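Look through the structure below before reading on.

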Amino acid sequence: MSIIQKLPLHEIHKIAAGQVVERPASVAKELIENALDAGATEITIHIKQGGKTLIRVLDNGKGMDPDDAQFCFEKHATSKIRSVDELSTIDTFGFRGEALPSIAAVSKVTLVTRTADASYACKVTVENGIISSQEAAGNQGTDVLVADLFYNTPARLKFCKSDQTEQRHIVSLVHAFALSHEQVAFKLYADDVLILNATATTDIKMRLLQILPSSFEQSGLIAFEKVFTAKGFSIKGYITHHQFGTYDRSLIFSFVNGRWVKNFGLAGAFIKGCKQVIPAGKFPAGVIIITIDKKLVDINTHPRKEEVVFAHPKMVESAIESTVTELFSDQMSQKIGYAPFSALQNSSEPRSPFAYKPFEQSARFEADVMPSFGHTISSQSGHESSQESGFESNTDNQPGMRENRTEAATHTEPFFDILKTDSAEQADLKQSHLLHNDTFDLQLTSQRFVGQLFDTYLLIERADELFIVDQHAAHERVLFERLHDAAQKPEPVALLFAHTIHLSEAKLELLVPFLHLLEQQAIIAEPFDTQQLLIKAMPVYLKDANLDELVHEFITLIEKDEQIEEKDFLYTVTYNLHAQIACKAAVKAGYKLDTHFVNQLLKDLRSTKDCFSCPHGRPTGWTITKNELEKKFKRKV
């Protein structure tokens, strides 16, 4: 007797369903796509127990006649294509002709549909491979009810997650469809509770606001659009303001030629583009819409068409990252200001809606109201105080801080050499220093330096606002910009004794080809045997840095990004190396500063491109308005 047997058709369908029906969200996706392909302008979704016991999708599309209503449950029956040649240029969502039969193979399906010219609807039920049809009452469009998913494949049901998890997947799915089809109205009910009511709109920004948390404000969305004509694609979309951060990627939506796709490369490029403005561990929300030549993308690599493959993926990802980076740089430069103060006084700009948030439109440090002074830090001597400047001194004796009582108890630190000005300006600074000394208190017409809080935060008053600046984050940004944009590289200083860093053989082998990047930053290193790295010279501003930590972070960068194109890799590694160096060299929290240093720091900060955050994404400062303070003290309601 032959041991090879042909399986019954309904068993074949159950097995084939595994490629299409992975979880309840997979069913919802197929049914919503069919509704959109049918021209629906209103789609309502009902789910129960995360879709495991019920998924119902109703639409007002063109519907089907009785013959098509039955035939759509036949495997490989489709209205979308007529030959394989059409696959590369297909415009509709579905085409495989296996979605409905696959769904029906692992659930109990009821379909009610009616066309505009029909006098009655057709009702089709499918259970255990048995199809039955009858006349019924119904509106134009299609109503598909899927009950008891995986009832006949209990092993598959066990792989479903909790009701809450499965519901989250469906919610994210409906959000994505709502974003890509803003002209369609979507309603989503979970266990008979309305959880999404996205009315039709012509503005994707308004659709985003329907989806984002209710506390999010309209002014917190920034639009971007860029066309790469020569490369055959364009990108556009919205990203949330840098003040808004989520704890995962769930609110990043990517669309390719109108189709929602799950692509970690696209989302990763989106996140990298705002790495300077959002702290590590936080993520932006937004939408990326890519329109690309159909010949440059394959949408058929995944059974459920959730993923796509680009002919040139790095080109697309690089375009997204650079566009978002430029967006924040331009947007925040405009907000933080380059207009003269007189123009600001007459400005009709609305006040920022973000209270107690990083610098907004009003946070402008103007060159014309910030005279230049040298880069100085107060003495840490506890035997004398700088009463004239309004600061106390202490005996912290922190690294990089030395006493110098000969000139107003100030000292210019070596690691500020990177900020050196030319000789003429130095002469002006010296003259200003002699004239003002430590008595200068930034008492300016437009803004006033109030003082230093906790030896960490700088308080600046202007008009009806208070700026609170994080001295370390601000200085880190200034040093980073100087490093990143400097035409000349820093000079190495030979160490009396080489510093030894112990590494695994694999990590040292990975690092060696990239030692020239460290050398470009004046860090001279060479391998010693198979598990040690010797640091023989380094720039003076790294004298107090943790070299072991810096090198291990550098290796982590290499491990993370070594697969990307060399040009992009070098930029990424250099950027992160500069960020590390700037962080190590910047004035620390707890350092007592004098007014000269504060003044120059604020001026330098104002002149940087991205003064709203440090290179790692932490804000350099916050704004509090007088009105907000008066509300806190019950002076106003």
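Phe 454 sits in the loop between β19 (448-453) and β20 (457-462). Strands here are DSSP runs of E with at least two residues, helices are runs of H or I with at least four residues, and both are numbered from the N terminus. This is a predicted model, in which local features need pLDDT of at least 70 and side-chain atom pairs count only at pLDDT 80 or more, while totals for chains, interfaces and linings use all residues. Residues are numbered from 1 along each chain as its sequence is written, and side-chain values use heavy atoms, with hydrogens and water left out.

Is Phe 454 buried or exposed? Phe 454 is exposed, because its relative accessible area is 63% (buried means under 20%, exposed over 50%, and partly exposed in between, with a 1.4 Å probe and protein chains only). Together with Leu 453 and Tyr 457, Phe 454 makes a nonpolar surface patch of about 300 Å². Accessible areas come from the Shrake-Rupley method with a 1.4 Å probe, and for residues only the protein chains shown count as cover. Patches are made of residues with over 30% relative accessible area and no salt bridge; like charges are joined within 9 Å, and nonpolar side chains (Val, Leu, Ile, Met, Phe, Trp, Tyr) within 5 Å. A salt bridge is a side-chain nitrogen of Lys or Arg within 4 Å of a carboxyl oxygen of Asp or Glu.

Ala 463 has a phi near 55°, a positive value in a residue other than glycine. With a relative accessible area of 62%, Ala 463 is exposed. Asn 257, in the loop between β11 (252-256) and β12 (259-261), also has a positive phi, near 50°, and is not glycine. Asn 257 counts as partly exposed, because its relative accessibility is 33%.

A patch of negative charge is found on the surface where Asp 65, Asp 67, Asp 68 and Asp 117 gather. Asp and Glu count as negative and Lys and Arg as positive, while His and the chain ends are not counted; the place of a charge is taken as NZ of Lys, CZ of Arg, CG of Asp or CD of Glu. Asp 67 belongs to helix α3 (residues 66-71) and counts as exposed at 60% relative accessibility.

Now the whole chain. It has 18 helices and 25 strands, and 51% of its 637 residues are buried.
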